[in-house]
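Here's a quick tour of a model, from its overall layout down to helix packing. Have a look at it first.

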Amino acid sequence: MGRPSIQVDEVTLKRIIENAEITNQFQNRNELFSYVAEKYSKETNVIISASVVYLRVNEYNIVLKTPKGKKGQTKIPKGERVKRGDKFSADTSAQKTFELLRNEMKREDATRFLPIVAKAEGGSVKAIIKLMCLTCANYETNEIKHCQCIMCPLHPIRAYK
Ligand code: SF4
């Protein structure tokens with residue numbers, strides 16, 4: 001037998017929510033539910049949690065003005081997004097990696113793959129995965145195609161299949 005559900009008075013709950021939304025600006029519903037739970041518990045001496053408020057809001061079909069937060073998170077203003085390619089240009093270790101790759105390709109007579117390095121430098125993850133397989137298989141595309149290393153996390157998404 002499950003636990004008996006906590007009785008919450010619908011009228012009181014609706015009134016508290018309505019007042020709360022008029023007098024406060026909540027970032028998301030979690031914040032609202034916590035506030036309402038505290039108010040309701042104080043007013044009625046019936047201790048309820050934010051989760052109980054959430055359940056009763058759904059049960060009583062109470063329409064809320066407070067928007068849902070993204071995955072329950074408080075909305076934090078994001079700074080300007082920097083493209084991955086721009087991050088690579090500013091990152092000396094990334095520059096070094098691409099430079100080493102280019103040099104290795106020249107040594108291994110694999111210069112036909114140089115455009116893939118350029119794509120990777122521009123921020124293409126697909127190109128980076130391709131480069132990983134190419135270096136792993138010594139620039140033999142057939143090796144990558146028939147790669148048997150199913151333990152490799154790149155195996156399902158490897159190029160040249
Ligand atoms: S999928 Fe195969 S070729 Fe690609 S990195 Fe993994 S082991 Fe190497």
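Domain bounds here come from an automatic or database domain assignment. For this chain that assignment gives domain 1 (10–59) and domain 2 (84–157), with 54 Å between their centres, taken over C-alpha atoms. Keep in mind that this is a predicted model: local features need pLDDT of at least 70, side-chain atom pairs count only at pLDDT 80 or more, and totals for chains, interfaces and linings use all residues. Residues are numbered from 1 along each chain as its sequence is written.

Now the helices (DSSP runs of H or I, at least four residues, numbered from the N terminus). Axes are lines fitted to C-alpha atoms over the stretch in contact, and angles run from 0 to 180 degrees between N-to-C directions.

| Pair | Angle | Axis distance |
|---|---|---|
| Helix 2 (residues 29–44) and helix 3 (residues 50–59) | about 105 degrees | 8 Å |
| Helix 6 (residues 114–121) and helix 7 | about 135 degrees | 7 Å |

That angle makes helix 2 roughly perpendicular to helix 3, a label for 65 to 115 degrees; under 35 is roughly parallel, over 145 roughly antiparallel and the rest oblique. Helix 6 and helix 7 are therefore oblique to each other. Their contact (C-beta atoms, placed from the backbone, within 7 Å) pairs Ile116, Val117, Lys119 and Ala120 of helix 6 with Ala127, Ile128, Lys130 and Leu131 of helix 7.

What surrounds the ligand? Its shell includes Met132, Cys133, Cys136, His155 and Arg158, where near means a C-beta atom, placed from the backbone, within 6 Å. Helix 7 (residues 125–136) gives the largest share of that shell, three residues.

Key. Helices (H or I, at least four residues) and strands (E, at least two) are DSSP runs, numbered from the N terminus. Two residues are in contact if their C-beta atoms, placed from the backbone, lie within 7 Å.
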